[in-house]
Amino acid sequence: MHNLEFFNRNEARDFINKNNPMAIIPTGSVEQHLNHLFIGMDINSATKIAEDLTNKFSKNTIFYRPLSVGIAEQHMAFPGTMTLRVNTFIGVLTDVVNSMIRSGITKILFINGHGGNTEPMRTAMQNINLEMKGLHSEIDTSEVRTHVDYMELLDQDSKIDIRYTSYWEMHDPNFIKKVINDPNYPGHANEYETSVALHMFPDLVDKEAIKIDPLGTSSDASEEKGKLIYDDIIEKYSNIIQEMLT
Ligand SMILES: [Zn+2]
């Protein structure tokens, strides 16, 4: 897997120049996940998905993890939880995107593993996309009369492509109906996420604690469900990566 941090500067430059890679960046959270899952579940699940995809598309992708923490104010009653303020989180992501583009990496896929990041990221990504196109595209604005003209011009620049999704949004609703009983999908440390954890990090799940889950939604979780979910996530992200690379 090509992890940006483990290249030396010549290797990084040559890989970027020769392979024109897109970047795959995980985001998540460090926060309490009841008693049965570990505090780093969200960032580590997104990281593993991003790493596996970087391995699968090793010629044209580069992995980078700029931060582990996300927006987790709602979990701060539990020691060990870390949170960033919304503007800090978005500020770091914006600066990372800007640095990537200045390095010649103009296509970036964020894979998010934490619900609390979703709405701020959705809004921020639209703006980051526009801002980066505005800053880095070579468009002539001398004939622009309205903002609509400007948006159309920016849209014609296919070089810059910044996308973001949370991994649980990848599934078809019918798939979820077949696999998951919990009506509160995707939830928090529930049947869905606990199944994912049982498949990805079996040694970090406390199976005894599942029996006394205070939300009572993780008891239907299983490794088999986790594998089905994981394979579907990888398949759906692979389609997006193929699309971004062509
Ligand atoms: Zn989680």
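This is a predicted model: local features need pLDDT of at least 70, side-chain atom pairs count only at pLDDT 80 or more; totals for chains, interfaces and linings use all residues.

Guide: The protein has nine helices and four strands. Read from the N terminus, the elements follow the order α-β-α-β-α-β-α-α-β-α-α-α-α. Its radius of gyration is 19 Å, against 18 Å from the globule rule for 246 residues, so the protein is as compact as a globular protein of that length. The C-alpha trace spans about 65 × 40 × 35 Å along its principal axes. Of the 246 residues, 38% are buried. Take the contacts with a separation of 6 or more: 74% of them join residues 24 or more positions apart.

Now the loop itself. It runs between helix 6 (173–179) and helix 7 (191–200), and P186 sits in it. Y185 belongs to the loop between helix 6 and helix 7.

Start with the peptide bond. Most peptide bonds are trans. The bond joining Y185 and P186 is cis, with omega about 5 degrees.

Next, the surroundings of Y185. This residue is partly exposed, because 18 other C-beta atoms lie within 10 Å, and a buried residue needs 20 or more. Beyond its neighbours within four places in sequence, Y185 contacts I176, I180 and Y192. W168 is 17 residues from Y185 along the chain, and their C-alpha atoms are 8.9 Å apart.

Move on to A189. Most residues other than glycine have a negative phi. A189 is not a glycine, yet its phi is positive, near 55 degrees. Is A189 buried or exposed? A189 is buried, because 24 other C-beta atoms lie within 10 Å and the cut-off for buried is 20 or more.

N20 lies in the loop between helix 1 (9–19) and strand 1 (22–27). Its setting is partly exposed, because it has 13 C-beta neighbours inside 10 Å, and exposed would require 12 or fewer.

Y185 is partly exposed, whereas A189 is buried.

Terms used
Residues are numbered from 1 along each chain as its sequence is written. Helices (H or I, at least four residues) and strands (E, at least two) are DSSP runs, numbered from the N terminus. Two residues are in contact if their C-beta atoms, placed from the backbone, lie within 7 Å. The radius of gyration is taken over C-alpha atoms; the globule rule is 2.2 Å times the number of residues to the power 0.38.
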